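The following note sets out several local features for a colleague's attention. Please read the points alongside the sequence and the coordinates.

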Amino acid sequence: MAGTGRTRQGFTLYWFAPDTSTTSKCNGSCATFWPPVKGPATAGAGVTGTLATITRADGSTQATYDGHPLYTYKGDTAPGQDKGNNLNIEGGVWHDVTASGGAAPAPSTSTSSGGGYGY
């Protein structure tokens, strides 16, 4: 299984199920807890998906990976944590980004290192 996407600092990247490839559904207070990843972004070694950007409702640019707008999570306080994986809050389910662009499995006690994303 492909590793989890991470920021350059090692924090987990997330995507939000209600989003579309052109629209973030996480705005206002949602974006306070799930900060959007500013775009454009560059992929680290081993990342084969497509990086792009969208324009958010506030006019800022957000990075996307394989059509998913990218976020970090305020609940992750140290690199490698993925406390936001499979949370169903803010109107939908949050998933770790995987190098394949799909959803990561439900949280477990193991940690995985991932193909880094340069943010």
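**Notes on local features**

1. S24 lies in the loop between β1 (14-16) and α1 (29-33); helices (H or I, at least four residues) and strands (E, at least two) are DSSP runs, numbered from the N terminus. The model is predicted, so local features need pLDDT of at least 70 and side-chain atom pairs count only at pLDDT 80 or more, while totals for chains, interfaces and linings use all residues. Residues are numbered from 1 along each chain as its sequence is written, and side-chain values use heavy atoms, with hydrogens and water left out.

2. S24 counts as buried because its relative accessibility is 8% (buried means under 20% relative accessible area, exposed over 50%, partly exposed in between, with a 1.4 Å probe and protein chains only). Not counting residues up to four places away in sequence, S24 touches D19, I54, R56, Q62 and Y71, contact being heavy atoms within 4.5 Å. P36 is twelve residues from S24 in sequence, and their C-alpha atoms are 8.9 Å apart in space.

3. The side chain of S24 also reaches the backbone nitrogen of C26, at 3.2 Å. C26 in turn forms a disulfide with C30, the sulfur atoms being 2.0 Å apart (a disulfide is a pair of cysteine sulfur atoms within 2.5 Å). The structure holds one disulfide. Its torsion about the S-S bond of C26 and C30 is about -110 degrees, so the disulfide is left-handed. C26 is buried at 0% relative accessibility, and C30 is buried with a relative accessible area of 4%.

4. T64 belongs to strand β4 (residues 61-65). With a relative accessible area of 3%, T64 is buried. Leaving aside neighbours within four places in sequence, the contacts of T64 are T50, L51, A52, T53, I54, P69 and L70.

5. Backbone geometry deserves a separate check. Most residues other than glycine have a negative phi, and most peptide bonds are trans. The peptide bond joining G39 and P40 is cis, with omega about 0 degrees; P40 is in the loop between α1 and β2 (42-43).

6. Two non-glycine residues with positive phi may be examined in turn. D66, in the loop between β4 and β5 (68-69), has a phi of about 45 degrees and is partly exposed, with a relative accessible area of 32%. N86, in the loop between β5 and β6 (88-89), has a phi near 65 degrees and is partly exposed at 29% relative accessibility.

Notes. Polar contact = N/O pair within 3.5 Å; in protein donor to acceptor, adjacent residues only side chain to side chain.
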